[in-house]
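The sequence and the structure come first.

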Amino acid sequence: GGFVKSAGMHSPSRAVGTHAAIYRQNPNVSAVMLAQPPAAVAFCITDAPFVSAGIPESFIVLGPVPVLQFEDAMRGGLVAETVKSAPVVLMRNSGVLAVGESLLKAFDRLEVCDAMARVQILARRRGAIRYLTDEEREEIEEKFLGGKKEKAKETGESKNGSASGHLKEKMEGPGCCC
């Protein structure tokens with residue numbers, strides 16, 4: 001395989017190798033999206049921490065959201081390994097990468113990430129942010145993620161590991177959007 005450039009067409013995105021590595025190393029991924037949603041990008045270009053555990057929805061949909069440095073964004077193997085446990089990744093000085101079982105699932109994750117980013121930006125203007133406590137996270141994991149804490153012990157995942165594997169939806173359709 002390889003990527004074909006048609007006469008008169010633009011060259012493939014510089015991220016095409018990263019996307020291909022994600023698909024190769026993550027058979028459950030059918031969609032990869034790299035976008036620049038404005039509020040989320042604010043966290044890509046600053047040292048402000050992005051924390052998905054502000055509200056239950058973002059904690060469930062996103063799980064922890066790691067940040068990869070700009071130079072690592074083109075290292076397909078590293079990104080592919082990262083999305084095994086984190087379906088959304090902030091790419092320093094670049095944008096947000098989201099994966100999913102469908103384009104709709106990946107897009108939903110981008111949308112929730114940007115919404116949580118907007119909430120954090122607005123909340124910081126009002127005062128200190130009160131994130132979900134460990135106890136609240138554990139309760140959410142138990143009620144909505146099928147006892148993620150116990151499964152994390154069995155699999156070696158951290159207790160705040162990605163929630164995506166436990167929220168499988170029956171959505172069809174491979175795709176790539178960058």
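The largest nonpolar core has 20 residues, and Phe 50, Leu 62, Val 88, Leu 90, Val 96 and Cys 113 have the most contacts inside it. A nonpolar core is a set of buried Ala, Val, Leu, Ile, Met, Phe, Trp, Tyr and Cys residues joined through side-chain atoms within 4.5 Å; buried means under 20% relative accessible area, exposed over 50%, and partly exposed in between (1.4 Å probe, protein chains only). The model is predicted: local features need pLDDT of at least 70, side-chain atom pairs count only at pLDDT 80 or more, and totals for chains, interfaces and linings use all residues. Residues are numbered from 1 along each chain as its sequence is written, and side-chain values use heavy atoms, with hydrogens and water left out.

- Another core, of 15 residues, lies apart from it and includes Ala 15, Val 32, Val 89 and Met 91.

**Phe 50 and its partner**
- Beyond neighbours within four places in sequence, Phe 50 is in contact (heavy atoms within 4.5 Å) with Phe 43, Leu 62, Val 65, Leu 90, Cys 113, Met 116, Ala 117 and Gln 120.
- The structure holds one aromatic pair.
- Phe 43 and Phe 50 form this pair, edge-to-face, at 5.5 Å centre to centre and 80° between the planes.
- Rings of Phe, Tyr and Trp (its six-membered ring) pair if their centres lie within 6.5 Å; planes under 30 degrees apart count as stacked, over 60 as edge-to-face and the rest as tilted.
- Phe 43 and Phe 50 are both buried.

**Loop residue**
- Asn 93 sits in the loop between strand 3 (88-91) and strand 4 (95-100).
- The phi of Asn 93 is positive, about 55°, although this residue is not a glycine.
- Asn 93 counts as partly exposed because its relative accessibility is 48%.

**Confidence**
- The chain averages a pLDDT (the predictor's confidence in each residue, from 0 to 100) of 81, and 78% of the residues score at least 70.
- Over residues 149-178 the pLDDT is below 50, and this stretch has 66 contacts in the model beyond near neighbours in sequence.

Terms used. Helix = DSSP H or I, 4+ residues; strand = E, 2+ residues; numbered from the N terminus.
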